[in-house]
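Please keep the sequence and the model in view while reading.

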Amino acid sequence: MATFLLVHGAWHSGRSWDRTVPLLESAGHRVLAPSLTGYGDKAHLLGPEVGLGTHVDDVAGLIEDERLDDVVLVGHSYAGMVISGVADRAPERIAHLVFLDAMVPEDGETAVDVLPITKQLIDVAVDGWRVPPMPEQPPPIGLFGVTDPDDVAWLRSMLSDHPVRCLQEPVRLDNPAARAIPRTHIHCVRGRPAGITRRPVPAGDRVRELPTGHDCMITMPAELVRLLLEAV
């Protein structure tokens with residue numbers, strides 16, 4: 001049995017993994033899919049003080065509180081920043097890192113450094129600190145790559161604003177032990193919005209692709225699970 005810790009991206013909540021969790025559990029694995037501070041059951045905690053460090057603390061604290069070891073730590077989108085910070089803090093607890101269509105930072109970088117287009121989101125933040133969810137676009141982009149009307153409605157029901165501080169705080173990656181953790185990058189290769197560029201994958205990391213949009217945990221959960229199980 002492996003332990004999967006699934007970390008959602010910006011605007012989303014732990015509910016975004018609802019189609020993924022039971023498939024992993026039915027394969028005999030333990031799965032945790034928390035909502036980060038400011039989202040889902042923690043939406044009432046959303047505020048300008050919530051930043052990347054808050055979310056790293058969320059995940060690192062859960063690993064410590066649950067006494068988790070040999071964790072397959074999965075980060076979707078913005079959560080690539082989060083899992084990178086967690087791995088730097090507790091590399092001995094992590095068996096594998098999975099960057100799911102995710103940001104892949106270097107030491108000292110912010111989300112804006114990794115994905116410069118996010119600067120445009122900061123410029124239009126409401127009240128100067130919160131960024132509303134991205135608007136739905138025509139297929140194949142849809143809402144975060146989701147185009148089925150029922151799925152779009154379900155996804156929209158879980159979305160919250162994203163604090164600007166999450167995009168501006170740098171991540172600390174200065175623990176050499178973290179670089180030794182095996183890594184997989186899963187790229188969603190359909191319906192990519194203009195201006196979204198992907199960095200080259202570091203040498204030695206595994207790369208897989210899914211022929212779907214950004215929120216593959218909603219559109220292709222079974223196919224995603226097959227790729228996640230490769231990390232076990």
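The count of salt bridges comes to 18, a salt bridge being a side-chain nitrogen of Lys or Arg within 4 Å of a carboxyl oxygen of Asp or Glu. This is a predicted model, in which local features need pLDDT of at least 70, side-chain atom pairs count only at pLDDT 80 or more, and totals for chains, interfaces and linings use all residues. Residues are numbered from 1 along each chain as its sequence is written, and side-chain values use heavy atoms, with hydrogens and water left out.

**Salt bridges**

- Arg156 forms a salt bridge with Glu136, and their closest N and O atoms are 2.9 Å apart. This pair links distant parts of the chain, 20 residues apart: Arg156 belongs to helix α6 (residues 149–156), and Glu136 to the loop between β5 (130–131) and α6.
- Helices (H or I, at least four residues) and strands (E, at least two) are DSSP runs, numbered from the N terminus.
- Arg156 is partly exposed at 43% relative accessibility, and Glu136 is partly exposed at 42%. Buried means under 20% relative accessible area, exposed over 50%, and partly exposed in between (1.4 Å probe, protein chains only).
- Asp205 forms a salt bridge with Arg179, with 2.8 Å between the closest N and O atoms. Asp205 sits in the loop between β7 and β8 and Arg179 in helix α8 (residues 176–179), 26 residues apart.
- Asp205 is buried, with a relative accessible area of 13%, whereas Arg179 is partly exposed at 42%.
- Glu230 forms a salt bridge with Arg208, the closest N and O atoms lying 2.9 Å apart. Glu230 lies in the segment after α10 (221–229) and Arg208 in strand β8, so the pair ties together parts 22 residues apart in sequence.

**Strand β7**

- Six of the six residues of strand β7 (residues 183–188) are buried.
- Both faces are covered: Arg183, His185 and His187 are buried on one side, and Thr184, Ile186 and Cys188 on the other. In a regular strand the side chains alternate between the two faces of the sheet.
- Strand β4 (residues 94–100) runs parallel to β7 and is joined to it by four bridges; two strands pair if DSSP finds at least two bridges between them. The bridge partner of Leu97 in β7 is Arg183.
- Strand β8 (residues 206–210) pairs with β7 in the parallel sense over five bridges. Ile186 stands opposite Arg208 in β8.

**Record annotation**

- UniProt places "domain: AB hydrolase-1" (unreviewed entry) at residues 4–226; such annotations may be inferred rather than shown by experiment.
- The end C-alpha atoms of residues 4–226 lie 13 Å apart, and the span is 30% helix and 16% strand.
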